[in-house]
Amino acid sequence: MRESGLTSIIIPSYNGLHLLTSCVEAIRLHTFEKYEIIVVDNGSSDGTAEYCLREGIILVSIPHNAGFPIACNKGLAIASGDQLLLLNNDVIVSPRWLSKMLLALTSTDNIGIVGPVTNYASGKQQVEVTLNGIEEFTEVVERYNISDPGKWQEVYRIVGMCFLFKRSLLDNIGLLDERFSPGHYEDDDYCYRARLQGYRLLICGDTFVYHVGSASFKTNHPDGWNSLVKRNRGLFIEKWGVDPWGFM
């Protein structure tokens, strides 16, 4: 594997301290490559800021809930990594997760974005697993997290819940499009823009992470989640003239 340098892990969060603490603990337990964690707090009132300061985590504070794309962009603006990784606060990473994703990302110059497989995601990244506790999670991880480039799959989209990309891609196509705030389809948009510039996208079938799934959106938009997804799908179609469902 080529020398990959520093990875900036950017985690937006809004009143999700109960999820964030587990997310950070797993990163610290299972990551041996060079990394920094940047939490972008969307105006939480649950002690997120105090936790980050106490734990020595880089913190960006937004006074109100600005949503996922804006929070990610705030984090990207101060990130110093050679690679950037957008991570939902309801993701639990696993042993060897980052080393294998970096291996895929740096395998050729034209790989732009990679992501893992998981128990909860839209599209091809979701795999059928049974998870009823930490013991079963460990069993699944030991089965999946064995380095095997033969399990890499080229796709048209990577879901933003665990989204690793090169700084050169950011330099080339810029930040997330904030028209998709508070969230949904900003990741599809970024993948589409990357592909237009000739980058390839890979699912790492040899890397499994656990994902609670849309925890923040379902909590903060209990009545409007479906309408938000519908609206942002429409924004994508309006912007590009193609239906993103065709890329799933």
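Q: Which residues form one aromatic cluster?
A: The structure is a predicted model. A search of the whole structure finds 10 aromatic pairs. One aromatic cluster is made up of Tyr 156, Tyr 192, Phe 236, Trp 240 and Phe 247.

Q: Is the pair of Phe 163 and Phe 165 stacked or edge-to-face?
A: A pair of aromatic rings is described by the distance of the centres and the angle of the planes. For Phe 163 and Phe 165 the centres are 5.7 Å apart and the planes stand at 70 degrees. Planes over 60 degrees apart count as edge-to-face. The pair is therefore edge-to-face.

Q: Are Phe 163 and Phe 165 buried or exposed?
A: A residue counts as buried under 20% relative accessible area. Phe 163 and Phe 165 are both buried.

Q: At what distance from the ring centre of Phe 247 does Arg 195 lie?
A: Phe 247 belongs to the aromatic cluster that also holds Tyr 156, Tyr 192, Phe 236 and Trp 240. Arg 195 lies over the face of Phe 247, and its distance from the ring centre is 4.7 Å.

Q: Over the ring of which residue does the charged end of Arg 233 sit?
A: The charged end of Arg 233 is 3.5 Å from the centre of a ring. That ring belongs to Trp 245.

Q: What radius of gyration does the chain have?
A: The chain has nine helices and nine strands, and its C-alpha atoms fill a box of roughly 45 × 45 × 35 Å along the principal axes. For 248 residues, a compact globule would have a radius of gyration near 18 Å. The chain agrees with this, having a radius of gyration of 17 Å.

Q: Of the contacts in the chain between residues at least 6 apart in sequence, what percentage join residues at least 24 apart?
A: Of the 248 residues, 54% count as buried. Among contacts between residues at least 6 apart in sequence, the share joining residues at least 24 apart is 78%.

Q: Where is the place of Glu 178, and what is its relative accessible area?
A: Glu 178 is in the loop between helix H6 (167-173) and helix H7 (186-196).

Definitions and conventions
Residues numbered from 1 in each chain as written. Predicted model: local features only at pLDDT ≥ 70, side-chain atom pairs only at ≥ 80, totals over all residues. Heavy atoms only, no water. Phe/Tyr/Trp six-rings, centres within 6.5 Å; stacked < 30°, edge-to-face > 60°. Buried < 20%, exposed > 50% of the residue type's maximum accessible area, 1.4 Å probe, protein only. Lys NZ or Arg CZ within 6 Å of the ring centre and 35° of its normal. Helix = DSSP H or I, 4+ residues; strand = E, 2+ residues; numbered from the N terminus. Rg over C-alpha atoms; globule rule 2.2 N^0.38 Å. Contact = heavy atoms within 4.5 Å.
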